[in-house]
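Dear colleague,

Please find below the structure that I am handing over to you. My notes on it follow.

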Amino acid sequence: MRLFSCLLLAAACGTASPAVAGTVKTKIDVFDLIRDGRTEIHLGPAKDLNDPPSEIFRMRDGALHISGRGYGYLATKQSFGDYHLVVEFKWGPNTWGKRKTRARDNGILYHITGPHGALGKTWPACFEANIIQGGMGDLLVLNAKTEDGANLTHRADCEFELDRDGEKRWKKGTPRQAVTKGRINWEKRDEDWKDSLTFAGKHDLDAPVGGWNRLEVIARGDTVTHIFNGKLVNEAFAMSPHAGKVGIQTEGAETIVRRFELWPLDTFEEKWPPAP
């Protein structure tokens, strides 16, 4: 069992984007932060998958290759707010460990606060825009406690209804309710969803495995919207906190990321799908 909290990769050549704290005022390429050693990796003490961090998160051929052979995340050292985050990714062929036959899983973590691994020694206190087959853009609220017992509380007001199984599902225009933990499913997540590699919901927006997807997180003040493959799939209000570090997970599935950027608000105008 191993617990890592370390720098990702040694500094490499290339010019990094400007260091920006708080409001994003100029485009930031997170790949530049990785190359400059301005990101960190935290891996939890999983028994089934625990490769060295430098083998799980690797920059190669201009893309971030995430092997999936561990549970944890890569995060920026800086905190950001008021931004338009753009991540373009595709699934690799491999899944591992206890998730070998389960849905491919990953996620964008944002508004990360507090110490690394505060939740179950693996995850931080944060919000998550889910990257999982059939659940793209689900909103998760992850809370934790520090070692001395102090609460790291994230909360948001969300518009949701309960589906057939009593799970929260985003529905625009319904009365807002405070959420302090758990998940708000994207609006058309299949009620019969199964944690299986072979399951596909009839309304899913996912590209086939090996095809590119785009997940966007627009953080504006204390609100956020999740856009997946060009469609609004979730949103939240009165978020607290409404700034923090930004990260991406490793959770048993090979993932290739060709784009990981933070744009100033109202400056990203590219439509999906992209040109071939």
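Asp29 stands opposite Glu261 in S23. Strands here are DSSP runs (E, at least two residues), numbered from the N terminus. This is a predicted model, in which local features need pLDDT of at least 70 and side-chain atom pairs count only at pLDDT 80 or more, while totals for chains, interfaces and linings use all residues. Residues are numbered from 1 along each chain as its sequence is written, and side-chain values use heavy atoms, with hydrogens and water left out.

Strand S3 (residues 28-29) pairs with S23 in the antiparallel sense over two bridges; pairing requires that DSSP finds at least two bridges between two strands. Strand S6 (residues 63-66) is also antiparallel to S23, joined by three bridges, and Ile66 lies opposite Thr255. S9 and S23 run antiparallel with nine bridges between them; there, Val87 stands opposite Phe260.

S23 (residues 253-263) is largely enclosed by the rest of the structure, because ten of its eleven residues are buried (under 20% relative accessible area, 1.4 Å probe, protein chains only).

A nonpolar core is a set of buried Ala, Val, Leu, Ile, Met, Phe, Trp, Tyr and Cys residues joined through side-chain atoms within 4.5 Å. The largest has 48 residues, and those touching the most other members include Leu85 and Phe260. Strand S9 (residues 83-95) gives the most to this core, with five residues. A second, separate core has eleven residues, among them Leu49 and Tyr73.

Yours sincerely

Definitions and conventions. Buried < 20%, exposed > 50% of the residue type's maximum accessible area, 1.4 Å probe, protein only. Helix = DSSP H or I, 4+ residues; strand = E, 2+ residues; numbered from the N terminus.
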